[in-house]
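Trainee: I would like to learn how to read ligand contacts and ring pairs. Can we work through a case together?

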Amino acid sequence: MPIIVKSLPEIKSSEITPRSVYLDRRKFMKHTVATGLLLTADTILPAWAKKSTQSGWPELKKSPYSSSDTVNSFEDITTYNNFYEFGTGKKDPHKNAVDFNPKPWSITVAGECAKAGSYNLEDFIKPDSLEERIYRLRCVEGWSMVIPWVGFSLADMLKKFEPNSKAKYVEFTTLFDKSRMPGQQRRVLHWPYTEGLRIDEAMNELPFMAVGLYGDILPNQNGAPIRLVVPWKYGFKSIKSIVKIRFTEKQPQTTWNKTAPKEYGFYSNVNPIVDHPRWSQKKERVIGQPFWKPKRDTQLYNGYAEQVAHLYQGMDLKKHF
Ligand SMILES: Nc1nc2c(c(=O)[nH]1)N[C@H]1C(S)=C(S)[C@@H](COP(=O)(O)O)O[C@H]1N2
Ligand SMILES: [Mo]
């Protein structure tokens, strides 16, 4: 049974299982002290967290953009994944990414900006800029989840590189390393995975760079150590394990668009009235719900129309799918 909690601050220690207890270390400490349990971090932490030298995040700012929908369990979010670099099955990334070591990590910034170069991931992770954002994620395959990310605004990050007036788009690239990402040994996609946004989409307040999940560091299967989250677009736009950011004048190529151009457009805004060529997008299966619960209606822009509808004014959404 998945643990459904309303939102992070409302988790009561009495309602959570040991698996998720560790995610809130302070509550965890209180819990163990109160019950006199002799569990150490070593017995309770999963492998990826044990390897990390980082120990949770400081006080996280709450975001006004957070969804009030029921948050999915840590278990759902970390065992039902799409991350083809670690296999094409939903359970593959959880299994095959355990040994992935995302440290050290640097990001190359290139193209139309004043501050191109190579940056250490640590340069971007300033404790006082970290916030929690609870976002809905809608996969193009017809399922959805609600995920409590930790990270910072993409726009704030991009502004530091001082994009120039030729920067009309921004392209993101995932790590390409067959020895560390075994799924890349098979040519299921055009590696490395790339994605892109129009610059005004990227500078909108919603796109988020996630470095954590459920109050702790980002599990490998969710795109460690840093991934994009664009909540009003189908999940494949939310590219994982980013090593490169490039400002471009022309619309960048994207992996899924190259793979199946008639099925996956550059925009890929969530839209219940634009069907995928092979299935309807009107409804979605909410992961973690019992099988007999009805599907949920999919919302235009995944429910984020207020923040993003203006970006597409005058565009034919059927043509620019
Ligand atoms: N590099 C990379 N990023 C990726 C993918 C992938 O296969 N490779 N899958 C995408 C898809 S289809 C979805 S739905 C989301 C899933 O994110 P999650 O597993 O953290 O829920 O990641 C996206 N980002
Ligand atoms: Mo997806």
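**Ligand shell and aromatic pairs**

Mentor: The residues of the shell around ligand 1 divide into eight nonpolar, six polar and three charged. Here Ala, Val, Leu, Ile, Met, Phe, Trp, Tyr, Cys and Pro count as nonpolar, Asp, Glu, Lys and Arg as charged, and the others, Gly among them, as polar. This is a predicted model: local features need pLDDT of at least 70, side-chain atom pairs count only at pLDDT 80 or more, and totals for chains, interfaces and linings use all residues. Residues are numbered from 1 along each chain as its sequence is written, chains are lettered from A and ligands numbered from 1 in the order in which they are written, and side-chain values use heavy atoms, with hydrogens and water left out.

Trainee: Which residues are closest to ligand 1?

Mentor: A residue is near a molecule if one of its heavy atoms lies within 4 Å of it. For ligand 1, 17 residues surround it, and the closest are Asn 81, Tyr 84, Glu 85, Ser 238 and Lys 240.

Trainee: Where does a polar side-chain atom of Arg 227 lie?

Mentor: A polar contact is a pair of N or O atoms within 3.5 Å. That Arg 227 atom lies 3.0 Å from an oxygen atom of ligand 1. The side chain of Asn 81 has an N or O atom 2.8 Å from a ligand 1 oxygen. Tyr 84 uses a backbone N or O atom, 2.8 Å from an oxygen of ligand 1. The protein covers 98% of the 530 Å² of accessible area that ligand 1 has on its own (Shrake-Rupley method, 1.4 Å probe).

Trainee: How many aromatic pairs are there in the whole structure?

Mentor: Rings of Phe, Tyr and Trp (its six-membered ring) pair if their centres lie within 6.5 Å; planes under 30 degrees apart count as stacked, over 60 as edge-to-face and the rest as tilted. The search finds 17. Tyr 119 and Phe 124 have ring centres 5.7 Å apart and planes at 45°, so that pair is tilted.

Trainee: Are Tyr 119 and Phe 124 buried or exposed?

Mentor: Buried means under 20% relative accessible area, exposed over 50%, partly exposed in between (1.4 Å probe, protein chains only). Both Tyr 119 and Phe 124 are buried. Tyr 169 and Phe 266 pair edge-to-face, 5.8 Å centre to centre with 80° between the planes. Tyr 169 counts as buried at 15% relative accessibility, and Phe 266 is buried at 6%.

Trainee: Which residues do ring pairs link into a cluster?

Mentor: Tyr 169, Phe 266, Tyr 267, Tyr 301 and Tyr 312.

Conventions:
A polar contact is a pair of N or O atoms within 3.5 Å; within protein, one must be able to donate a hydrogen and the other to accept it, and residues adjacent in sequence count only if both atoms are side-chain atoms.
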